[in-house]
Amino acid sequence: MSNMLKVDNLWFRYTQDSDWALQGLNLEVKKGEFLCVLGSNGCGKSTLAKHFNAILVPEKGDVWVEDINTKEEERLLEIRQKVGMVFQNPDNQIVATVVEEDVAFALENMGVPTDEIRRRIDEAMTAAGIIKYKDKAPHNLSGGQKQRVAIAGIIAMRPDCIVLDEPTAMLDPYGREMVIKTVKQLNKEFGITVVLITHYMNEAAQADRVVVMSKGKIEKIGTPREIFSQVEWVKSLALDVPQTSDLAWQMNRQGYNLSTEAITIEECAAQLYKFLEE
Ligand SMILES: Nc1ncnc2c1ncn2[C@@H]1O[C@H](COP(=O)(O)OP(=O)(O)OP(=O)(O)O)[C@@H](O)[C@H]1O
Ligand SMILES: [Mg+2]
């Protein structure tokens, strides 16, 4: 499958005298993929994310959005249309006083015709599950609902890829679940490529592949199963593993012999059932 994003030996620092925030990263994100980026605080996840739609550009090396090098300044609009960004704080992303106006905001600025805007925002609000709030004031919505308004605003631009930088960090468990459900649906049903940065391992466990960063470098890339079954290694980076892998690991420390590869709740339950039967 072809690449949505390609990172080729990316080096970046914020100022000439600061340390390199990113140190020679290489990564390919395939079209239609759901990729998750993990790593402890300050390891460079947000800095990497901002390279995906040219908020930042490499000091050395290259980042490609399909066939566009993000250093091509004259193609910035094209890049921003292909790759949408969702940030942590929904309040900073909402600009209008009515939900549907907020979703329409960027399209209006782009000069999209009115009837086309109508079609697109209805579609986007439906996909994000917020159509029933379309006439409401965003500040009256919950954090999870607001975050889905922000996501709808991005979807209305018809991007090929969405990059979400800890979109659930400020949400309650229900809001988190709804946002992740929406993101997964956009990926599976609309084929939108997703890059999700998160500190929640149960969210990462649902991705196609997981990138683990540490101190400005990519340490490992693998399926959630490949990554999370290496419990000791993940913990050594001050990260958690999903509760499923952790349970098997904890039991193994008590002398049992369970597989840490059972990362879904179903797999974990099946393994425990089998174990209890024996
Ligand atoms: N605007 C900035 N100016 C200078 N240095 C910065 C800036 N933003 C980030 N940094 C530094 O770059 C490094 C990487 O930061 P970054 O925000 O990318 O990490 P992160 O993995 O997203 O962390 P977190 O999990 O806390 O969000 C850190 O050392 C940070 O202090
Ligand atoms: Mg960050």
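Let me begin with the ligand: a backbone N or O atom of Gly-42 lies 2.8 Å from an oxygen atom of ligand 1. Please bear in mind throughout that this is a predicted model.

A polar backbone atom of Cys-43 is 3.3 Å from an oxygen atom of ligand 1. On the side of the nitrogen atoms, one nitrogen of ligand 1 is 3.4 Å from an N or O atom in the side chain of Tyr-14.

Which residues surround ligand 1? They include the run Ser-40, Asn-41, Gly-42, Cys-43, Gly-44, Lys-45, Ser-46 and Thr-47. Tyr-14, Ala-21, Glu-166 and His-199 are also part of the surroundings of ligand 1.

I turn now to the sheets. One is an open sheet of six strands, ordered S6-S7-S8-S3-S9-S10, and its pairing is mixed. Strand S6, residues 83–86, and strand S10, residues 217–222, are at the edges; each has a single partner strand, so one side of each has no neighbour in the sheet. On average, and with direction ignored, neighbouring strands of this sheet are turned by 20° against each other.

Within this sheet, consider S7 and S8. Strand S7 covers residues 161–165 and strand S8 residues 193–197; the two run parallel and are joined by five bridges. As one example, Leu-164 has Leu-196 in S8 as its bridge partner.

Helices lie across these strands. Helix H6, residues 173–190, lies across strand S3 (34–38), S7 and S8, and runs at about 150° to S8. Helix H5 lies across S6 and S7, and its direction is at about 170° to S6.

What does H5 meet in helix H3? Val-149, Ala-152 and Gly-153 of H5 are in contact with Val-99, Asp-102 and Val-103 of H3. Sorted by class, this contact comprises four nonpolar residues, one polar and one charged. As to geometry, H3 (residues 99–109) and H5 (residues 143–155) pack at an angle of about 35°, and their axes are 7 Å apart. The crossing of these two helices is right-handed.

The other sheet I wish to present is open as well, with four strands in the order S2-S1-S4-S5 and antiparallel pairing. Its edges are strand S2 (22–30) and strand S5 (68–69); each has a single partner strand, so one side of each is left without a neighbour in the sheet.

Strand S1, residues 3–12, is joined to S2 by seven bridges, and the two run antiparallel. S1 also runs antiparallel to S4, with five bridges between them. Lys-6 illustrates both pairings: its bridge partner in S2 is Glu-28, and its bridge partner in S4 is Trp-64. Beside that, Leu-5 has Val-29 as its bridge partner in S2.

Finally, a word on Gly-61, which lies in strand S4, residues 60–65. Leaving aside residues up to four places away in sequence, Gly-61 touches Asp-8, Asn-9 and Lys-71. How far is Gly-61 from Tyr-200, 139 residues apart along the chain? Their C-alpha atoms are separated by 30 Å.

That concludes the presentation. Thank you for your attention.

Key. Residues numbered from 1 in each chain as written. Chains lettered and ligands numbered in written order. Predicted model: local features only at pLDDT ≥ 70, side-chain atom pairs only at ≥ 80, totals over all residues. Heavy atoms only, no water. Axes fitted to C-alpha atoms, helices over the stretch in contact; angles between N-to-C directions. Left-handed = near helix turned anticlockwise from the far one by under 90°. Contact = heavy atoms within 4.5 Å. Nonpolar A, V, L, I, M, F, W, Y, C, P; charged D, E, K, R; others polar. Pairing = 2+ DSSP bridges. Near = heavy atom within 4 Å. Polar contact = N/O pair within 3.5 Å; in protein donor to acceptor, adjacent residues only side chain to side chain.
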